[in-house]
Amino acid sequence: MRIGLQIPSFTHPGGPEKIAGEFARTAREADQAGLHSLWVMDHFFQIQVVGPAEEPMLEAYSALAYAAALTERITLGTMVTGVTYRHPGILVKTVTTLDVLSGGRAWLGIGAAWNDEESRGLGVPFPPLAERFERLEETLRIAHQMWKGDESPFRGEHYTLERPLNSPPPARRPHPPILIGGMGEKKTLRFVAKYADATNMFDRDDLPQKLDVLREHCEREGRDYAAIEKTALAVVPGARPSADQAVDTAGRLAEKGVDQVIFSQATGQDLAGLLGEALAQTEKIVPEGR
């Protein structure tokens with residue numbers, strides 16, 4: 001069982017001037033605690049389930065680049081980039097740059113996008129859902145092509161790249177792992193089976209059923225289900241959570257087939273050290289037989 005940390009909130013006592021120091025401290029602590037991954041949401045406004053839109057929100061890839069310079073081992077990714085936010089060629093170049101400068105620690109976390117409020121607010125086109133999924137699949141195809149070093153033209157329904165050059169190539173081989181977020185059975189999980197290295201789901205009662213659907217898609221695509229990392233986004237409730245709570249959550253999700261639990265840090269929580277304590281209790285996290 002691997003453990004990761006997501007930082008969705010940058011609201012701290014003392015105001016925005018505290019953001020840099022607090023984010024740096026958390027990134028260092030997560031790295032030193034041996035956590036596997038560090039994630040930030042790729043949003044430009046705060047999302048409603050965390051707080052009002054006006055709360056501080058950092059641009060994701062700038063934040064991850066900052067974290068890369070402060071850490072040594074922890075992997076770094078977005079949970080997750082909305083496909084409409086960046087042109088695919090620029091997105092691949094951005095993730096490649098993060099991978100090169102971090103020594104091979106970047107993820108491409110991506111999804112079909114959902115937050116129309118921030119798109120309208122910042123003037124970002126937000127096409128209908130069916131088109132967003134079309135764009136997602138084209139983006140996944142472009143990522144694979146560019147990371148293979150294939151500079152031949154790409155001509156899709158929505159994107160045309162005359163020369164998808166990507167120099168330097170990523171440090172990680174064959175490429176930074178691709179994680180697709182979402183639990184949609186018809187398209188999202190099919191894309192995971194066809195294009196991705198990892199899936200991210202929510203800690204919900206129907207998670208085992210969703211994994212069964214993913215397994216079925218893998219069989220149809222001729223993909224090894226075991227080769228896909230199953231990650232789940234979870235929380236440790238309360239203002240003063242405990243390592244035992246995190247251990248229990250990780251153990252429960254491991255029993256359901258999850259390989260990595262990514263704990264989302266609520267406003268006011270400080271989870272990096274706590275999750276390091278939980279990680280040290282590996283024998284409690286990994287059920288017998290896994």
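Trainee: In which sense do S9 and S10 pair, and over how many bridges?
Mentor: Bear in mind that this is a predicted model. S9 and S10 are joined by five bridges, in the parallel sense. Within that pairing, Phe-202 stands opposite Leu-233 in S10.

Trainee: What is the order of the strands in the open sheet?
Mentor: The order is S3-S2-S1-S11-S10-S9-S8-S5-S4, nine strands in an open sheet with parallel pairing. Its edge strands are S3 (75-78) and S4 (81-82), each of which pairs on one side only.

Trainee: Next, burial. Are the residues of S10 buried or exposed?
Mentor: Strand S10 (residues 229-234) is mostly covered, with six of its six residues buried. For a strand, also ask which way each residue points. From S10, Glu-229, Thr-231 and Leu-233 point one way, while Lys-230, Ala-232 and Ala-234 point the other way, and all are buried.

Trainee: Which residues of S3 point one way, and which the other?
Mentor: Thr-75 and Gly-77 point one way, Leu-76 and Thr-78 the other way, and all of these are buried.

Trainee: Now the helices. Which strands does H3 lie across?
Mentor: Helix H3 (residues 88-102) lies across S3, S4 and S5, and runs at about 155° to S5. H6 also packs on the sheet, where it touches strand S8 (178-181) and strand S9 (198-202), and its direction makes about 170° with that of S8.

Trainee: Why is H6 described as largely enclosed?
Mentor: Count its buried residues: six of the eight in H6 are buried, so the helix is largely enclosed by the rest of the structure. The buried ones are Thr-188, Leu-189, Phe-191, Val-192, Ala-193 and Tyr-195. They pack against helix H5 (129-147), S8, S9 and H7.

Trainee: How do I describe the packing of one helix on another?
Mentor: Two packed helices are described by the angle between their axes and the distance between the axes. Here, the axes of helix H6 (residues 188-195) and helix H7 (residues 207-221) come within 8 Å and cross at roughly 45°. H6 and H7 are therefore oblique to each other. Their crossing is right-handed.

Trainee: Which residues of H6 and H7 meet?
Mentor: From H6 there are Leu-189, Arg-190, Val-192, Ala-193 and Lys-194; from H7, Lys-210, Val-213, Leu-214, His-217, Cys-218 and Glu-221. Sorted by class, this contact of H6 with H7 has six nonpolar, one polar and four charged residues.

Trainee: At what angle do H8 and H9 pack?
Mentor: Helix H8 (residues 243-255) and helix H9 (residues 272-280) pack at an angle of about 60°, and their axes are 8 Å apart. H8 and H9 are therefore oblique to each other, and their crossing is right-handed. Ala-243, Ala-246 and Val-247 of H8 make the contact with Leu-274, Leu-275, Glu-277 and Ala-278 of H9. By class, the contact of H8 with H9 has six nonpolar, no polar and one charged residues.

Trainee: Last, single residues. Is Ser-119 buried or exposed?
Mentor: Ser-119 has a relative accessible area of 1% and is buried, because the cut-off for that class is under 20%. Ser-119 is found in helix H4 (residues 116-122). Apart from neighbours within four places in sequence, Ser-119 is in contact with Tyr-85, Val-124 and Phe-126.

Trainee: How does Glu-22 count by its relative accessibility?
Mentor: Glu-22, at 28% relative accessibility, counts as partly exposed. Glu-22 lies in helix H1 (residues 19-32). Its C-alpha atom is separated by 9.8 Å from that of Thr-11, which is 11 residues apart from Glu-22 along the chain.

Terms used:
Residues are numbered from 1 along each chain as its sequence is written. This is a predicted model: local features need pLDDT of at least 70, side-chain atom pairs count only at pLDDT 80 or more; totals for chains, interfaces and linings use all residues. Side-chain values use heavy atoms; hydrogens and water are left out. Helices (H or I, at least four residues) and strands (E, at least two) are DSSP runs, numbered from the N terminus. Buried means under 20% relative accessible area, exposed over 50%, partly exposed in between (1.4 Å probe, protein chains only). Contact means heavy atoms within 4.5 Å. Axes are lines fitted to C-alpha atoms, for helices over the stretch in contact, and angles run from 0 to 180 degrees between N-to-C directions. Angles under 35 degrees count as roughly parallel, over 145 as roughly antiparallel, 65 to 115 as roughly perpendicular and the rest as oblique. A crossing is left-handed if the near helix is turned anticlockwise from the far one by less than a right angle, and right-handed if clockwise. Ala, Val, Leu, Ile, Met, Phe, Trp, Tyr, Cys and Pro count as nonpolar, Asp, Glu, Lys and Arg as charged, and the others, Gly among them, as polar. Two strands pair if DSSP finds at least two bridges between them.
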